[in-house]
Amino acid sequence: MLSISSLISNELYVYWDDPVLLVLNVIAGTSKCSPYRLPVVDSRLKVKGVITGRRLLEVLLGRRGVALREKLGVRRILRKNVGLFCDEAHNVFSEQTPIQAVVQFMVENNIGNVFVVDETSTFKGAIDETAFLEMMKREIFNVKIGEVMQTNVYTVSPQVNLLSAAHVMLDNRVRRLPVVRGNRVVGIVTITDILKHILVEEKHIPAVLEDAEVTLDESVEEIMTRNVAKVEPETDIGIAANRMLEEDVSSLVVVRDDELKGIVSRIDLISGLARISGINSLIRLVKR
């Protein structure tokens, strides 16, 4: 029987007592598709929780750990153990779990990764969408992007400040916002972009170190990605999977003649294939 360990895409993790600042450096990495979700483990590599880019942004903006932030300020919060802010990990599976059960969990819960542990509950690695996209990228499924994309898309204008954009993403539980002028896409901004901006922009470092508020008063236009990875509604999901991998992005903006029609993420491709063609279509890809 094929082990789910064969699908492990990465082995990244952070320790429970690692400072928030270190974790921020990992999540706000250099890759366009840097890890957004990380397992938090103890000294024996037992999974104790999960930390995401969303949680880090909430902490920095005072929407998470409010009492601690008011008491300690940003500087000392960044030096606190990340374990104080992590969430319970519900996506942990033994390496003996049947692949079908793992795939079913990811699709039904629209979750892009799961953590794999051995018989002693020691962390072995994470399975994320990459493993499935690698299998999908050479296939034509006769399933179009228009059938799996999200059409209720939150957007921002280029002139909106970063703080407003951050709150839109946090309030609506989305990771990314197409930037539009009229209904034409001119860029995209993500939670990771904002975290990276907070981390590396010299003008924000003094604010963080002096316990000042993180203002994020710059416009979205200043940090947005202008060369947006796009796809048309008629594109097959196999071609879209290949484009995501080639461009190292977590989503594609769906356009027709540069006019916004929707957005599609990595997990949308996987869940969409399972919904339209059946869960066994994914299982067959894995077992080949």
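In the protein chain, the mean position of the 36 positive charges lies 2 Å from that of the 38 negative charges. The model is predicted.

The protein chain holds 12 helices and 11 strands. Its C-alpha trace spans about 55 × 55 × 25 Å along the principal axes. The radius of gyration is 19 Å, which agrees with the value near 19 Å for a compact globule, because the chain has 288 residues. Of these 288 residues, 52% count as buried. The accessible surface comes to about 13,300 Å². Carbon and sulfur atoms account for 46% of that surface. Among contacts with a separation of 6 or more, 67% join residues 24 or more positions apart.

In soluble globular proteins, nonpolar side chains tend to be buried together. The largest nonpolar core here has 42 residues. Those with the most contacts inside this core are Phe132, Met136, Ile145, Ile237, Val264, Leu269 and Leu282. H4 gives the most, with six residues.

Ile237 was examined in more detail. Neighbours within four places in sequence are left aside. Ile237 is then in contact with Met136, Phe141, Val143, Lys144, Ile145, Val148, Leu269 and Leu273. Another core, of 41 residues, lies apart from the largest one. Its members include Ala28, Phe85, Leu177 and Leu199.

Conventions. Residues are numbered from 1 along each chain as its sequence is written. This is a predicted model: local features need pLDDT of at least 70, side-chain atom pairs count only at pLDDT 80 or more; totals for chains, interfaces and linings use all residues. Side-chain values use heavy atoms; hydrogens and water are left out. A nonpolar core is a set of buried Ala, Val, Leu, Ile, Met, Phe, Trp, Tyr and Cys residues joined through side-chain atoms within 4.5 Å. Buried means under 20% relative accessible area, exposed over 50%, partly exposed in between (1.4 Å probe, protein chains only). Helices (H or I, at least four residues) and strands (E, at least two) are DSSP runs, numbered from the N terminus. Contact means heavy atoms within 4.5 Å. The radius of gyration is taken over C-alpha atoms; the globule rule is 2.2 Å times the number of residues to the power 0.38. Accessible areas come from the Shrake-Rupley method with a 1.4 Å probe; for residues, only the protein chains shown count as cover. Lys and Arg count as positive and Asp and Glu as negative; His and the chain ends are not counted. The place of a charge is taken as NZ of Lys, CZ of Arg, CG of Asp or CD of Glu.
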